[in-house]
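Please look over the sequence and the structure below before reading on.

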Amino acid sequence: MTKQTMHIGLDDTDSRKGGCTTYLTAVLVEKLRKFNVEFIDYPGLIRLNPNVPWKTRGNGALCLRFNYEAKFEDDIKETATTLWEEHSAVKEKGTDPGIVFYQNSQIPDELKAYSKKTETSIITLKEAMTLIKKLGAEALGFNSCRGIIGALAAIGETLEGDHTYELIAYRKPENLGTKRRVDEASIFEMDKQTAPFTFNNVDSEKARVIITPRGPDPIFFGIRGETAEIVKKAFGLVKLLEPAERWLIFRSNQGTDAHLQRIETLNAIEPYSSVIVKGTVSLAPRIIPLRHVIFSIKDDSTQVDCAAYEPTGDLRKIARELHVGDTVEVYGAVHKATATKPLTINLEKINILSLTKKTLTENPMCPNCGKRLKSMGKNQGFRCEKCGSKYVDLKKNQTVVPRAIKTGLYITSTRSQRHLTKPLRRYGQEKNCRCNVPMIDNWYFLM
Ligand code: ZN
């Protein structure tokens with residue numbers, strides 16, 4: 001029997017009160033089983049540009065890809081649409097669900113390019129609809145329909161470059177809204193046993209578990225890692241103190257820095273994008289209320305502010321130690337200038353390229369009694385206040401003060417990392433292809 005390929009993209013079904021597009025995807029995987037579909041990839045969990053002003057929480061979009069028998073086409077679409085309508089918080093403001101169906105065994109380059117753009121900049125619904133029409137895809141949306149933008153993007157992000165995996169476990173409905181019950185010590189142990197192949201399990205600065213969200217959503221916890229095997233193994237090491245309803249493994253652009261674009265000059269950075277850009281520290285760090293640290297960098301084109309906010313933890317401590325003249329490469333989201341603030345980069349990472357020499361100039365000590373001498377005026381020599389000696393030939397001492405920081409890459413604390421931020425633990429493990437890794441047999445489970 002000839003089979004055809006379908007891609008279903010979903011976005012923004014989350015309400016602020018709970019619900020979760022990944023959960024809808026997990027349920028849809030279950031519902032599609034009766035149509036005998038053959039999944040050709042793990043569900044895609046695609047994080048889009050984290051700086052879009054209207055995002056709900058994580059700005060994530062989802063995609064399912066599978067082969068199916070032509071006779072089930074209508075049933076599949078109806079099942080997906082019905083489920084999506086049931087799970088979408090359509091009545092809530094700020095929730096703009098979208099669903100897109102696309103039938104093609106290939107993803108065209110134009111669609112792939114569109115997806116990259118949604119990860120780094122702002123796309124309009126009009127652009128998305130134009131492409132949908134051109135490709136012959138089908139789209140449905142509620143409210144502003146902006147979810148269609150992300151739903152299409154999830155289909156076009158085939159994750160052929162760097163990617164990661166996340167196993168997400170879900171809670172039983174009767175437990176929703178209560179504190180998540182899981183043995184925290186087992187999560188620290190899991191982290192130790194699976195490092196460096198899993199990441200962002202715990203915040204080592206605060207010795208805190210960060211895989212469990214707070215709030216009423218159905219996510220129990222999520223484990224991120226380099227392969228499907230390792231996140232599944234890690235899941236087996238976590239001791240659950242309440243039963244999970246189901247779990248499922250996603251393939252994702254999380255932890256890959258997909259949102260960051262390298263920009264050559266400071267005057268070319270744009271609000272709502274995330275950039276990597278070089279500059280020389282031009283105004284020393286100053287601490288503003290709530291212990292945020294602000295400094296300025298410049299190049300030949302202009303000067304901008306860089307901000308390390310309190311939750312960035314150690315990154316803020318590093319920023320505080322910068323001096324005018326240090327050269328840095330900063331990573332972060334660009335915030336537009338306001339009446340009181342210039343264009344500002346909210347730091348996710350700093351790569352310190354060079355440190356200026358800091359020297360301290362001091363009057364010499366009295367050769368007679370050891371007391372520090374007083375200057376008698378410019379080129380007038382020195383006088384000792386203790387023993388009265390005078391010295392006309394002595395010069396001021398110049399000593400190099402050791403810097404408190406070293407060159408190298410510094411990343412915001414784990415707890416304040418964006419979904420897309422590549423953590424230190426992943427450096428050196430980046431993938432540059434899908435590499436024909438076959439899917440593992442049991443990549444989801446219903447309890
Ligand atoms: Zn003296």
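## Charges over rings

The charged end of Lys77 sits over the ring of Phe101, at 6.0 Å from the ring centre, where a charge counts as sitting over a ring if NZ of Lys or CZ of Arg is within 6 Å of the ring centre and within 35 degrees of the ring normal. Another such case is Lys422, which lies over the face of Tyr427 at 4.4 Å from the ring centre.

This is a predicted model, in which local features need pLDDT of at least 70 and side-chain atom pairs count only at pLDDT 80 or more, while totals for chains, interfaces and linings use all residues. Residues are numbered from 1 along each chain as its sequence is written, and side-chain values use heavy atoms, with hydrogens and water left out.

## Aromatic pairs

A pair of aromatic rings is described by the distance of the centres and the angle of the planes. Here rings of Phe, Tyr and Trp (its six-membered ring) pair if their centres lie within 6.5 Å, and planes under 30 degrees apart count as stacked, over 60 as edge-to-face and the rest as tilted. By this rule the count comes to 13 aromatic pairs. One of them is the edge-to-face pair of Tyr42 and Trp443, with 6.1 Å from centre to centre and 80 degrees between the planes. This pair links distant parts of the chain, 401 residues apart, since Tyr42 is in the loop between strand 2 (38-39) and strand 3 (44-47), and Trp443 is in the loop between strand 24 (408-411) and strand 25 (444-446); helices (H or I, at least four residues) and strands (E, at least two) are DSSP runs, numbered from the N terminus. Tyr42 is buried at a relative accessible area of 5%, and Trp443 is buried as well, at 6%, where buried means under 20% relative accessible area, exposed over 50% and partly exposed in between (1.4 Å probe, protein chains only).

Phe221 and Phe235 form a tilted pair, with centres 5.9 Å apart and 35 degrees between the planes. Because Phe221 lies in strand 11 (residues 219-225) and Phe235 in helix 7 (residues 228-237), the pair ties together parts that are 14 residues apart in sequence. Phe221 is buried with a relative accessible area of 0%, and Phe235 counts as buried at 12%. Ring pairs also link Phe39, Tyr42, Phe66, Tyr68, Tyr165, Trp443 and Tyr444 into a cluster.

Helix 5 is mostly covered, with 10 of its 10 residues buried; among them are Gly147, Ile148, Leu152 and Ile155. Thr158 is found in the loop between helix 5 (147-156) and strand 7 (164-171), and this residue is buried too, with a relative accessible area of 15%. Which residues does Thr158 touch, not counting residues up to four places away in sequence? They are Arg65, Ile107, Lys112, Arg251 and Arg434, where contact means heavy atoms within 4.5 Å.

## Backbone features in loops

Most residues other than glycine have a negative phi, and most peptide bonds are trans. A cis peptide bond, with omega at about 0 degrees, joins Ala195 and Pro196, and Pro196 lies in the loop between helix 6 (184-194) and strand 8 (198-199).

Ala207, which is not glycine, has a positive phi near 50 degrees; its place is in the loop between strand 9 (202-203) and strand 10 (208-209), and Ala207 counts as exposed at 54% relative accessibility. Leu290 has a positive phi of about 70 degrees although it is not a glycine, lies in the loop between strand 14 (274-288) and strand 15 (292-298), and is exposed with a relative accessible area of 68%.

## The chain as a whole

The protein chain has eight helices and 25 strands, and its C-alpha trace spans about 105 × 50 × 40 Å along the principal axes. Of its 447 residues, 51% count as buried. Among contacts between residues at least 6 apart in sequence, 72% join residues at least 24 apart.
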